[in-house]
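Please open the model in your viewer and keep the selection tool at hand. The stops below go from one chain to the other, each saying what to select and what is there.

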Amino acid sequence: MNKEKMSYMKTEIKNYDKIVRAELLFTPLLIALPLIIGVFLIYDWYVRGFSENNAAFTGQLMLGVIILIGNIVFDIPFIKSLVKSIIVLSKSKK
Amino acid sequence: MIEVVKKLEEFEGEVVKKFQDTRRRINSIDIDVHWYRRAFHAFGASLLFYYMLPNLDWINLLKFWVPPAIVVTAVVIEILRIKGKVSSDHFFGLRMYEKDRIGSYVFFAVAIIVLLRFFPQPIAIPCILCACLSDPIMGEVRHRFRMKYVYIFGFLVCMLFFSVAWYKADVRLLLLASFVGAFGAVIGETKKFWWLDDDFMIQMLPAILLGIIWIALPYIGFGDPGNSLDIIYPGIWPW
C-alpha cells in the first residue's frame, strides 16, 4: 500500500475538540486496564502458584510480564505525545 | 457604514486567526494518532482476562453474549460510517484506506472473538499477543529499519510468544508450534490486502496452521492434549 493510503484521515475542524476529548477520556482505560490485568496475572501466579509450590501457574507469570512490558513500551511514547498535544492545545487557546 | 465595514474586517481577522489556530492544533495531533493506534493495539492484550473469569453460570452467559454483541454493534456502526450516515470525523485514528472499508479495529475484534471462542488456549493466546504486541513492534521496526529486519525481528518476537504458550508441551512440539506459528504470523502481517486487514491475518493465519497441527497431534504420536496445555486458569473469586 502506498504512503498516501497509509496516512491518517484528517478531522473536520468542527469535530476536532470532541475527538480530542473522547481520546482523553478513553486514555485512562487504555493505559490502566492492561497494567491491571498484567499485575493480576502475576498476583494470581504468586497466590496459587508460588505460595502453593504449583508450577502449573508459571505461564501466567510469563504472560503477566509480557503484557506489562509490552504495554509500558507503547504507553510511554503515547503519554509523551499526548502531553505534547495538550501543551500545544493549551498554548493555542491563550 | 464605515463602522460596519471595520467590524466586518475585525470579525474576518478573528475567523482567520481561529482557523489558523485550529489548523496548528490539528497538525500537532498527527503524532498522537500514531501512538494512539500503537497503544490501542497493546491494550488488546488485556482481553486475555477472558480466560481468568470464573466458571459461574451467569459469567458464562456474559462470556457467551457480550463479545459478539460488541462486535455486531461495531459492524453496524462501521456500515453506517461507510454509507455516510455517520461521519468518519467521529472516529479517531483511521487511515485513508479505511475510508471506504470496514475499519481495522473490527477485523481485530472479530479475529479475537473467533480465537477466544473456537480455538484452544495454546493457539488463541499467542495469536492474540501477536496482533496486540508483535504487530506494533513490527510497525515500529518498519518505520526505522529496512524490511528484512521486520521479518527477522517479527519472527523472533512471535516465536517467543508461541514458545511461552506451548511451554508445557513436548520440546519437539514446542519447537514445531513456535516455528509454524511465528511463520504464519509474519506472513499474515507483511502481506497486505485492501479487503482483508493484516490485524485479522496476523491472528487467523497462524491459528489455522496450528489448528491443523492440533487436530493432527494424535496421529503424529503426541496424543490428544485436551486442556493439559492451558496456561491461564479460571479465577476462584468470592462472588
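This is a predicted model, in which local features need pLDDT of at least 70 and side-chain atom pairs count only at pLDDT 80 or more, while totals for chains, interfaces and linings use all residues. Residues are numbered from 1 along each chain as its sequence is written, and chains are lettered from A and ligands numbered from 1 in the order in which they are written.

Begin with chain A, which has 3 helices and 0 strands (helices are DSSP runs of H or I of at least four residues, strands runs of E of at least two, numbered from the N terminus). Along the sequence its pattern reads α-α-α. Of the 94 residues in chain A, 26% are buried, where buried means that 20 or more other C-beta atoms lie within 10 Å of a residue's own, exposed 12 or fewer, and partly exposed in between, with C-beta atoms placed from the backbone.

Next select A:N53, in the loop between α2 (13–50) and α3 (58–93) of chain A. A:N53 is not a glycine, yet has a positive phi of about 55 degrees. Most residues other than glycine have a negative phi. A:N53 counts as exposed because it has 6 C-beta neighbours inside 10 Å.

Move to chain B and select helix α3 (residues 104–118), whose 15 residues should span 21 Å at 1.5 Å a residue, in agreement with end C-alpha atoms 21 Å apart; the expected span is 1.5 Å times one less than the number of residues. The buried residues of α3(B) include B:Y105, B:F107, B:F108 and B:L115, and the buried residues of this helix pack against α2 (57–83), α4 (121–144) and α7 (198–216) of chain B.

The axes of α3(B) and α7(B) come within 7 Å and cross at roughly 25 degrees (axes are lines fitted to C-alpha atoms, for helices over the stretch in contact, and angles run from 0 to 180 degrees between N-to-C directions). That angle makes α3(B) roughly parallel to α7(B), since angles under 35 degrees count as roughly parallel, over 145 as roughly antiparallel, 65 to 115 as roughly perpendicular and the rest as oblique. To see the contact, in which C-beta atoms placed from the backbone lie within 7 Å, show B:S104, B:F107, B:F108, B:V110, B:A111 and B:L115 in α3(B), which meet B:D199, B:F200, B:Q203, B:M204 and B:A207 in α7(B).

Keep α7(B) and select helix α6 (residues 171–190) of chain B, which packs with α7(B) at an angle of about 150 degrees, the axes being 7 Å apart. The two helices α6(B) and α7(B) are therefore roughly antiparallel to each other. Among the α6(B) residues that meet α7(B) are B:L176, B:V180 and B:I187, and among those they meet in α7(B) are B:M201, B:L205 and B:I213.

Now select B:I123, in helix α4 of chain B. B:I123 counts as buried because it has 26 C-beta neighbours inside 10 Å. Leaving aside residues up to four places away in sequence, B:I123 touches B:A207, B:L210, B:G211 and B:W214. For a distance check, B:I123 and B:V141 are 18 residues apart in sequence and 25 Å apart in space, C-alpha to C-alpha.

Finish at helix α5 (residues 147–165) of chain B, whose 19 residues should span 27 Å at 1.5 Å a residue, which agrees with end C-alpha atoms 27 Å apart. The buried residues of α5(B) include B:V150, B:G154, B:C158 and B:F162.

Definitions and conventions. Two residues are in contact if their C-beta atoms, placed from the backbone, lie within 7 Å.
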